[in-house]
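Please read the following note with the model open beside it. The points concern a ligand and the space around it.

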Amino acid sequence: ALEHQAILDLPKTELHIHIEGTLEPELALELAARNGITLPWSTLEELRAQYDFVNLQSFLDLYYQLMSTLRTAQDFRDLMLAYLEHAHHDGIRHAEIFFDPQVHINNGLEFDTVMDGLLEGLSIGRERYGITGGLIACIVRDLPVTSAMDTLKALESRREDLLGIGLDSAEVGYPPSLFTEVFSRARELGLHVVAHAGEEGPASYVIEALDQLQVERIDHGIRCSDDQDLMHRLASSDIALTSCPLSNRRLQVVQDLRELPLHQFLEGGIRVTVNSDDPAYFGGYLAANYEALIDSGYSLRECAAFCRNGIEASFIGNRRQAVLF
Ligand code: HPA
Ligand code: ZN
């Protein structure tokens with residue numbers, strides 16, 4: 001119980017959270033009704049039965065299907081505000097939030113509709129809870145590279161409203177090198193760059209993301225522990241890993257949290273952080289991720305190190321970092 005309060009009180013950042021992954025089944029059904037979208041499941045009970053995932057793809061199938069219920073700027077604002085209420089409860093001070101513009105554009109929405117709704121939510125949340133934040137537009141790697149390029153063009157006019165770009169969705173078979181040109185252009189626009197790598201894919205995908213995409217953080221990166229040279233490289237270059245324990249367990253990347261190499265990462269001087277990924281799908285928001293680690297043998301001191309790493313790995317300026325400490 002003492003640890004529970006300490007976890008809530010630690011000043012936390014969240015650097016790996018997909019806003020669409022905070023869409024709770026209740027809200028998805030409500031939005032489907034509000035927007036006249038027909039889903040294959042009409043009751044909460046039927047929908048809830050779909051959450052036993054066996055791998056990343058089985059999750060993505062449901063995640064993309066429920067995303068089709070998001071239609072208006074108000075939907076995105078409501079989604080963001082629901083997340084920020086959880087974030088506030090969990091003691092999050094700063095959040096860098098992914099979204100998948102390509103999927104919404106393919107669903108027939110305007111990019112500006114999505115941006116305007118999410119930004120309005122962030123702005124209300126900042127006033128209400130004092131949580132700072134920003135948006136990172138993810139490229140969906142199992143869609144064609146031409147579609148990624150088109151998406152980047154759509155982002156250009158809203159460049160000032162974005163922190164950066166990322167790379168997500170099905171990993172194996174879609175190596176980072178496919179997106180070298182897209183990421184090079186994004187960096188020219190002054191955007192921060194991050195990429196999912198080493199979740200289901202091998203350590204060599206992490207190396208590609210560093211060499212070809214020149215990313216500043218690796219999302220997940222759990223497989224980095226397979227490669228000692230890569231571990232040294234991450235430590236000496238201060239490249240952060242945004243790990244997501246409950247996600248890894250629910251998607252069967254590991255069967256038990258004790259298999260995660262987070263102790264090794266800390267001991268190796270790697271800036272590893274703890275995040276919730278898609279909390280509405282994986283059984284808990286950020287504090288629940290920390291508590292699951294405590295239950296799996298991690299100390300409060302290690303949890304505090306994850307929090308400090310999160311502050312240092314964030315894209316907020318040094319002055320604001322000092323305030324968070
Ligand atoms: N991995 C890849 N794509 C995703 C994830 C993830 O954990 N969450 C949402 N899209
Ligand atoms: Zn993710």
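1. For what follows, Ala, Val, Leu, Ile, Met, Phe, Trp, Tyr, Cys and Pro count as nonpolar, Asp, Glu, Lys and Arg as charged, and the others, Gly among them, as polar. On that scheme, the lining of the largest cavity divides into 6 nonpolar, 5 polar and 4 charged residues. A cavity here is a set of points, on a 1 Å grid over the protein atoms alone, where a 1.4 Å probe fits but cannot get out, and lining residues have an atom within 4 Å of a point.

2. This is a predicted model, in which local features need pLDDT of at least 70 and side-chain atom pairs count only at pLDDT 80 or more, while totals for chains, interfaces and linings use all residues. Residues are numbered from 1 along each chain as its sequence is written, and side-chain values use heavy atoms, with hydrogens and water left out.

3. The structure holds 1 cavity of 30 Å³ or more, and about 110 Å³ of space lies in the largest cavity. Of the 15 residues that line the largest cavity, the closest to its centre are His18, Leu56, Phe59, Leu60 and His196.

4. Ligand 1 sits in this largest cavity, by the criterion that more than half of its atoms lie within 2 Å of the grid points. Its surroundings include Tyr63, Asp168, Ser169 and Asp277.

5. Polar contacts are pairs of N or O atoms within 3.5 Å. A nitrogen atom of ligand 1 is 3.2 Å from a side-chain N or O atom of histidine 18, and a polar side-chain atom of glutamate 199 lies 2.8 Å from a nitrogen atom of the ligand. For histidine 220, a polar side-chain atom lies 3.0 Å from an oxygen atom of ligand 1.

Note on methods:
Chains lettered and ligands numbered in written order. Near = heavy atom within 4 Å. Polar contact = N/O pair within 3.5 Å; in protein donor to acceptor, adjacent residues only side chain to side chain. 1 Å grid on protein atoms, 1.4 Å probe; cavity = no way out; pocket = protein on both sides within 12 Å on 5 of 7 lines; lining within 4 Å. Points joined across faces, edges and corners; volume = space filled by probe spheres on them.
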